[in-house]
Amino acid sequence: MAEARAERIDPFTIEIVKDALVAIGDEMFVSLQHTAKSTIIYEVLDYASGLVDARGQLITQGNGVTGFLGTLTFAVRSVLDKFGVEGLQPGDVLITNDPYTGGGTHLSDVTLVVPIFYQSRLLAFSACKAHWTEVGGKDPGSWTTDATEVFQEGLQFPCVKLFEAGRPNAALIDLIEANVRLPDMTRGDMEAQVASLRLGERRFCQLCDKYGVDVVTGSIEALMEHGERLTRLELARLPRGTYVAEDMIDDDGIGNGPFPVRVAVTLTGEELVCDFTGTHPQVPGPVNCTLTGLHSGARTVLKAITSPSIPVNEGCFRPLRVTCPPGTIFTAQRPAPVSTYWETMEYVTDLIWKALAPVVPDRLPAGHFLSVCGVVVAGLHPDSGELFLLVEPQAGGWGAGAAKDGEQGLMCVGDGETYVIPVEVAEARYGILVDRYQLDVTDAGAGRYRGGRGCIRDYRAVSDEITLTATFGRHKYLPWGVDGGFPGSRNEVRIFHADGREVVLGKCARYRLRKGEVARLVTGTGGGWGSPLDRPVERVVEDVRDGYVTVAQAARDYGVLVDEATLELKGLSAERTARARGEAGG
Amino acid sequence: MKRAPRVAVDIGGTFTDLVYLDEAGGTGTGKALTTPHRFADAVMQVLSEADLAGVEFLAHGTTVIINALTERRGARTALLTTRGFRDVLEIQKANRPDLYNLLYRKPEPFVPRRLRLEATERMNHKGEELVPLDEEDVRLAVEAARRQGAEAVAICFLHSYANPAHERQAAEIIRELWPEAVVTVSHQLTGEWREYDRTSTAVLDAYVKPIAGRYLAELTERLEAAGVSRRSAFAMQSNGGVTRFEVAAEAPIHLVESGPVGGVIGAAAIGELIGEPDLITLDIGGTTAKASLIERGRLRVAGDYFIERTPTTAGYPIKIPVVDIVEIGAGGGSIAWFDPAGALKVGPRSAGADPGPACYGRGGSEPTVTDANVVAGRIDPDYFLGGRLRLQADRARAALQPIVERLGVGLEEAALGLIRIANANMIHLLRLVSVRRGKDVREFSLVAYGGGGAMHATALARELRIRRVIVPPNPGHFSAWGMLMADLRHDLVQTRFVRLDAVSIEELRRLWAELEGRLGATFAEEGVGEVVFSRAADMRYAGQEHAVQVPLPDLDGSEPEFWAEVERRFHEHHERLYGFRLASPCEFVNFRLTGLARVRKPSLRPLPPGGGLEQARKGTRMVHFDEVGRHPTPILERDLLGPDAVVQGPAVVEEPAACTVVFPDQTLRVDRFGNLIVETEVP
């Protein structure tokens, strides 16, 4: 029926309305960025907003991070499941963060949903999912690396009405304010979210005013069909076959692990099928990922290998099949702790990526540092005496591509339009001093194209005591190389104590640093692509001159001998010479 | 040749434009082909069309800076940073705007790592010295930079916005040891926090400084030889004001958007003349459409400017005040195309000037917006550029054929559909500068210029329910004309975050006195005494990052009234922009001071009464007005339409560089300054 309607609308109007729908998603996104109170929303853009149709299909989504790809629809479907169309009315705002069924990921990611009625008909939803800095729970910042049950991780919102017919649910809001550590901030984020959703509602209705309901709904269908068609065209050009990948997740933060994970990816020419059977069961620590995260992680790779540039909608995801038995580390069940789910969701993406990189080299590079390398620094600000919470991801090294070196100092795949917090801002707002922020020139990542370097960021405690919670995955299992490229280096946190002790770790919870002690945050170098012996000699020499590659690594991995003092080329290793000769000969 | 006391020259991509006002208040224009390898040649050539003997004011818009940046033709530049932070320039903000492109490439730093040098020193955020500057490090850096053939040095130390002493000290050492080097010091360009932004600004300034210096010196010399004193030569800055060439050469990055701002100033000037203080400017050329917002006669100057930033690339931040102009890839040359899944798109790819639209007959075969306008009858093929370029309508029709076939529509329908999509892109642009900024687009009038502005603006106004479109005289030279209306302007920004309840009015007075002293010194260099200062602050709710710029009330009144007024303005601005207010305390982040020194301008002369409509009427042709249908439409020659002429649509008013399409439900009136005013009846 929708198709028949769409046919009657002239093709130019459809294009215009399609673009207008996408513009609504953008406008909602910008609105929240400008008004949120949490740095994690406005600086890190750890949120997504958009429109979903009345059946729970994604119309458009503005994303700050890849990790939220498509999660809005799961939340809207949970609203429809619980209330049905008849249980909703204009002016309602629903709130959910249920990780197991409600489109949730971890409790900090709170989704608000507004049903959009036009002429008394439910036509769509505006929805927005954002990371609240505080949702209560046992630790400041709510997410932590040592929770053992979801109940320790904060308030659970089991898909309830925050506003009913335009009236705020005062009891619920009081309850929230009483249970979070920074009620002003939480409240500010919530209000910013509601404002952004109302904006989406208003714009959608204006579009209906102008073009009529039939044209708008017809254009929505056309938008999704267009996304599906573009995606399938791209899938058709990829080499058919089944490709497998395996990896290990370090640990769960409370002493268990490592955990094997695996995928079998099948490209049929029409669909991308990902089967995660054989993946480790859910674990006691909070690294568990649930179904929504599993789908988001897979969708990221689907977008990457098909049509990275076209706007996201439900149609793009129709050719994706994801299977995984329940109760695994990718499909955890209540009440498994999930606060650092994203570390495991990254593995969903990375596994599919690893399986396909050799066969889709024009879209996928070698493995990168992968982990968000999230940190929470908490303490009392030395100037004001108030509690501060620094919550941020780190930039790291990306893998080399088949025709390019890896990027140096870039957000991981789960993040996106996400910014590092400027050193000057960090020092002013939080009780820390940053001793250095530079690229980490390790001896890893060699290749014909080399992996990009990660970063070193040193936080020195300026107040009497600060605590550090950090979750640096890929601390034990390295970013992978392709086609003879060397693996990258690990992510790590290195603590320098006042008494000279040095402690190296991948995860920690509320680790105490006294005044003057330093936490060094180090992110990994990405994997290389191709044999380093095939890297042109002059590029190796240039890298040494720029300090991207050490003299020692140039000699050992690349077979290029550079004079330590003059940085002039001295000669080539026997291995390199032999290889060059072998190639010339045969 | 009449004497021309006021002259403007604007270098554009294809043409270098001249506009001058003669002593009687009349306007003259000229054009020369731009000479990309020696821009000064075209400038001097086009200037030869005016009598320069009595020039009192010459304004110059130049693309030299932006070209040096985009073509990477600047100087080999070194960077000196706080020890441990030389990679800030390369790590940048670390964002991946192209979310799903896993082969994304970050913007490459303008300074290679081997030229990024470090010195031991440290300030904290309060401006307290933690570690003194190690002067030996600076000397070593000079050696390293020289050895590697650098010509320019940028210095950016942490927290120099709070205390610039170390930056100054390092600059002195460098200048002493290496007097021929060009030096840029970050805090002199911007007093804002965020080290990457400040470093990037300093680096890009240093990078263009040698080229800009040589260019401005050469031009000064050639102008003096032609009789224009160096005291009369002014460069157009991105902030919408002009500055003497010598001052411009000290911080040439301020000229980065030198060209496009001219039109916005011109629009403000016209608005003042005719009593229209709230305007949106729309400049449509061959490749892009640009828009900007003018509120109560004031240009919107923003502090978050980037070069080379797109939705999929991060670009490079430049923290200087730049008139807020938003640009999209939509112009007369924009090409219509089908994506692989069959959706019709228009732009951003453009046929440009060469080969140009299919109807140019220069080898272009893809359908463009101009081709569609020819098919719809809105452009007369025989009177394009005043008849200098005869368009080939048959080629326009042939170019549209693939759309006709693929969508199964008629030829005219295809042309109108293409125009509608192009218009939708432009509407999106107009919404970006209005609705996205919390403004109601209907409260503004539209000033349309550039070759395509007048052609599309009337349709956009109908769609957006904008009452009035203004098409100024000489729309093809409007940017240069606007520069004639510019005043001297300089700005300062100083980061200082403090809660309102933690600062006294006395402290603010001291801060402003210090900033005014600094700006006053710059104006003294310009040789100007009388400066009008305006003060604003970036404010936010404590804990938020994104600030709202709020004009500050006078500091002379009583303290309680002052604070109450500041708070009131902040809440109001915040609510207008974002739709809500909070009860939380608010704080200052940046203080902004703007100094304006008015330049004496001649009053514009009203036109003598002109001929009637009949005299201007050239003929009639069928024009398609989309949903308002096809109409036999009178075609009028703009030059022959006198002031006070009133034309009821449908009509097309043609002039050599543009054409104005008046819809059947619109009325056109010529005002006494020769502006075309097109009114739409808005219920």
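Predicted model: local features only at pLDDT ≥ 70, side-chain atom pairs only at ≥ 80, totals over all residues.
Biologist: Over how many bridges do β14(A) and strand β15 of chain A pair, and in which sense?

Modeller: β14(A) and strand β15 (residues 454-461) of chain A pair over seven bridges, and the sense of the pairing is antiparallel. To see one of these partners in the structure, find A:L433 and then look across to A:R460 in β15(A), which is its bridge partner.

Biologist: What is the order of the strands in the open sheet of chain A?

Modeller: The sheet has five strands, and reading across it the order is β14-β15-β20-β17-β18 (chain A), with antiparallel pairing. From one strand to the next, the twist averages 15 degrees.

Biologist: Why is one side of β14 and of β18 of chain A left without a neighbour in the sheet?

Modeller: Both β14 and β18 (502-505) of chain A stand at the edges of the sheet, where each has a single partner strand, and so one side of each has no neighbour there.

Biologist: Let us turn to the two chains. How many residues of chain A are in contact with chain B?

Modeller: In general, the size of an interface is often given as the accessible area lost when the parts come together. Here we can count residues instead, and 64 residues of chain A are in contact with 54 residues of chain B. Among the elements that give two or more residues to the side of chain A that touches chain B are α6 (183-211), α7 (213-236) and β14 (432-440) of chain A, while α2(A) gives the most, with 11 residues. By class, that side of chain A divides into 28 nonpolar, 17 polar and 19 charged residues.

Biologist: Which domains does the assignment give within chain B?

Modeller: The domain assignment of chain B gives domain 1 (6-69 + 213-255), domain 2 (71-207) and domain 3 (488-597). The centres of domain 1 and domain 3 of chain B, taken over C-alpha atoms, are separated by 34 Å, and the contact takes nine residues from each of these two domains. On the side of domain 1 that touches domain 3, the largest share, three residues, comes from strand β12 (residues 242-244) of chain B.

Biologist: What confidence does the predictor give to chain B and to the complex?

Modeller: Chain B has a mean pLDDT of 92, with 99% of its residues reaching 70 or more, and the complex is given an ipTM of 0.94 and a pTM of 0.94.

How values were computed: Residues numbered from 1 in each chain as written. Chains lettered and ligands numbered in written order. Domains from an automatic or database assignment. Contact = placed C-beta atoms within 7 Å. Helix = DSSP H or I, 4+ residues; strand = E, 2+ residues; numbered from the N terminus. Nonpolar A, V, L, I, M, F, W, Y, C, P; charged D, E, K, R; others polar. pLDDT = per-residue confidence, 0-100. Pairing = 2+ DSSP bridges. Axes fitted to C-alpha atoms, helices over the stretch in contact; angles between N-to-C directions.
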